[in-house]
Amino acid sequence: MVVDTGAWLAVFHQRDQYHQPAGACLRQLRAERARLLVTDLILAELHLHLVRGLGPGRAAGHLEA
């Protein structure tokens, strides 16, 4: 399953309107041991948004997780 930037942003940002359902979906996929595909471009876009919203340190921590 390809997980695009919007889904990751919803998981990481608690004030996102889709935070709860995105988190629940990710937990379910992990429980099912589903394969998640994230491309380099998705990671780059996600990193840009996280740096702007959370700062470089927290952004790096999220990407490492």
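## The largest pocket

The lining of the largest pocket splits into 9 nonpolar residues, 1 polar and 1 charged. The lining residues are Trp8, Val11, Phe12, Leu26, Arg30, Val38, Leu43, Leu46, His62, Leu63 and Ala65. Two or more of them come from each of α1 (5-12), α2, α3 (40-54) and α4 (56-64). α1 gives the most, 3 residues. Helices are DSSP runs of H or I, at least four residues, numbered from the N terminus.

The pocket volume is about 210 Å³. A pocket here is an open set of points on a 1 Å grid, over the protein atoms alone, where a 1.4 Å probe fits, with protein on both sides within 12 Å along at least five of seven lines; lining residues have an atom within 4 Å of a point.

## Model basis

This is a predicted model: local features need pLDDT of at least 70, side-chain atom pairs need 80 or more, and totals for chains, interfaces and linings use all residues. Numbering runs from 1 along each chain as its sequence is written, and side-chain values use heavy atoms, without hydrogens or water.

## The nonpolar core

The largest nonpolar core has 13 residues; Trp8, Val11, Phe12, Leu46 and Leu50 touch the most other members. α1, α2 and α3 each give two or more residues to this core. α1 supplies the largest share, 5 residues. Core members are buried and joined through side-chain atoms within 4.5 Å.

Phe12 touches Leu46, Leu50 and His62, leaving out residues up to four places away in sequence. Contact means heavy atoms within 4.5 Å.

## His19

His19 sits in helix α2 (residues 19-31). His19 counts as buried because its relative accessibility is 18%; the cut-off is under 20%, with a 1.4 Å probe and protein chains only. A polar atom of its side chain lies 3.1 Å from the backbone oxygen of Val11.

Notes:
Buried means under 20% relative accessible area, exposed over 50%, partly exposed in between (1.4 Å probe, protein chains only). A polar contact is a pair of N or O atoms within 3.5 Å; within protein, one must be able to donate a hydrogen and the other to accept it, and residues adjacent in sequence count only if both atoms are side-chain atoms. Grid points are joined across faces, edges and corners, and a volume is the space filled by probe spheres set on the points. Ala, Val, Leu, Ile, Met, Phe, Trp, Tyr, Cys and Pro count as nonpolar, Asp, Glu, Lys and Arg as charged, and the others, Gly among them, as polar.
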